[in-house]
Amino acid sequence: MRVATMRSPRLLLRNVNGRGIPARRRLANLSAQRPSHVTVLGEQYPTDHMTNISPTIVSKLPLKLHTQPSHPLSTLRALIESHFPTYAHLSSLSPLVTPYQNFDLLSFPADHPGRSVTDSYYINKDLMLRTHTSAHEVDVFGRGETKWLLTADVYRRDEIDGSHYPVFHQTEGARIVSANATGMKELEEDNERLVAHLERSNIEIEDVPHLSPANPCQPAHDPKHTELIAKNLKLSLNSLMLHLFGGRVGATAGNPLKVRWIEASFPWTTPSFEVEVFFRGKWLEILGCGVVRQATLDNANVPDKLGWAFGLGLERIAMVLYSIPDIRLFWSRDPRFLSQFQQGEITTFKPYSKYPACFKDVSFWLPQGETLHENDFCDLVRDVAGDVVEDVKLASLCSGMSKLALTCE
């Protein structure tokens, strides 16, 4: 199906039953007047030139799948929390944050692409939806928490396919200790405990140096202290990987759980690492982590501390453990999905859709001089068709006409 018009495009998508889904929508607010206010979580906020939050995204904000009993994300959250029983468990912080909280307090550079309206959802220039759970790191440290887990929904403008969704869930974990002899002794004792646990376990770890020229100690930190805190981070997360995957890989004495560490780079930590697990025949990236930047601790008013933090995506892990093939299924209200799961149990997902995929294309004209980011169109598709569209690809772009191909269930 193709529609070409110079004004306010009228798109007609067809669902699996063949019924038309007509809608007049704005493409990135082109040729349309922005409302003066937007209602989010029952509150009205003024809009401005940065406003790009869509009705579909607003509708997701109250759902909090990670707190719904029997939902796979809730079970996974509880499984992670059970591994850190002495940590504070947080899961109800508002998704509305300032750009200052989301970026500046964490040392994001001014030109970081995540700040763009094509990548993040803004209510206005002063308020946005968090793009990561780290947006709360300074506040949580600042109120006195020294060991904590935070699980929450996060929001990023993204393409439409089976592994991307504009809302997903992260668990952030963090620990800080005093940057003195007392704190170092605490780390040494914990490291001894974790080493003994892992030596008794069926796990094979491919490590990298705690510090290297490409992954250096921060100037404000003692390298010996950084070595200790980085070792504690690695041991803690190796133990978590064992907890999550160890009993689910069919490990034997000759086939242990395999975990490997990779040097990485993040704005909010250094040294930084990524963790991968070998599961069902391939290496899977599980999380990113590192030693918290001193600037973050200074902003939290805990300058005499040293700490580590990690962040993992719950959907990424749940898709693997439950064999869930498409990230959109987590948002399904279909009892055929929800009835398959019980709180505290990880079971294999059983597909139930009887409809084959169908393919549509949509063509439209943009006003002269205007541009359209693919994420603008993906938001439009979600507003019109919800989650029945499983894939969107840009097929061609010529002479001012964009043609996109949609695959629907």
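Because the model is predicted, local features are reported at pLDDT of at least 70 and side-chain atom pairs only at pLDDT 80 or more, whereas totals for chains, interfaces and linings use all residues. Residues are numbered from 1 along each chain as its sequence is written, and side-chain values use heavy atoms, with hydrogens and water left out.

The protein contains 10 helices and 18 strands, assigned as DSSP runs (H or I of at least four residues for helices, E of at least two for strands) and numbered from the N terminus. Of its 409 residues, 50% are buried, where buried denotes under 20% relative accessible area, exposed over 50% and partly exposed the range in between (1.4 Å probe, protein chains only). Among contacts (heavy atoms within 4.5 Å) between residues at least 6 apart in sequence, 66% join residues at least 24 apart.

Two packed helices are described by the angle between their axes and the distance between the axes. Helix α2 (residues 72-83) packs against helix α6 (residues 223-245) at an angle of about 135°, and their axes are 10 Å apart. Axes are lines fitted to C-alpha atoms, for helices over the stretch in contact, with angles running from 0 to 180 degrees between N-to-C directions. The helices α2 and α6 are therefore oblique to each other, given that angles under 35 degrees count as roughly parallel, over 145 as roughly antiparallel, 65 to 115 as roughly perpendicular and the rest as oblique. From α2, the residues L76, L79, I80, S82 and H83 make the contact, and from α6 S236, S239, L240, H243 and L244. These residues comprise five nonpolar, five polar and no charged, with Ala, Val, Leu, Ile, Met, Phe, Trp, Tyr, Cys and Pro counted as nonpolar, Asp, Glu, Lys and Arg as charged, and the others, Gly among them, as polar.

Most residues other than glycine have a negative phi, and most peptide bonds are trans. A cis peptide bond, with omega of about -5°, links T270 and P271, and P271 lies in strand β13 (residues 269-279). S70, in the loop between α1 (55-60) and α2, has a positive phi near 75° and is partly exposed at a relative accessible area of 22%. R280, in the loop between β13 and β14 (282-292), likewise has a positive phi, near 55°, and counts as exposed at 53% relative accessibility.
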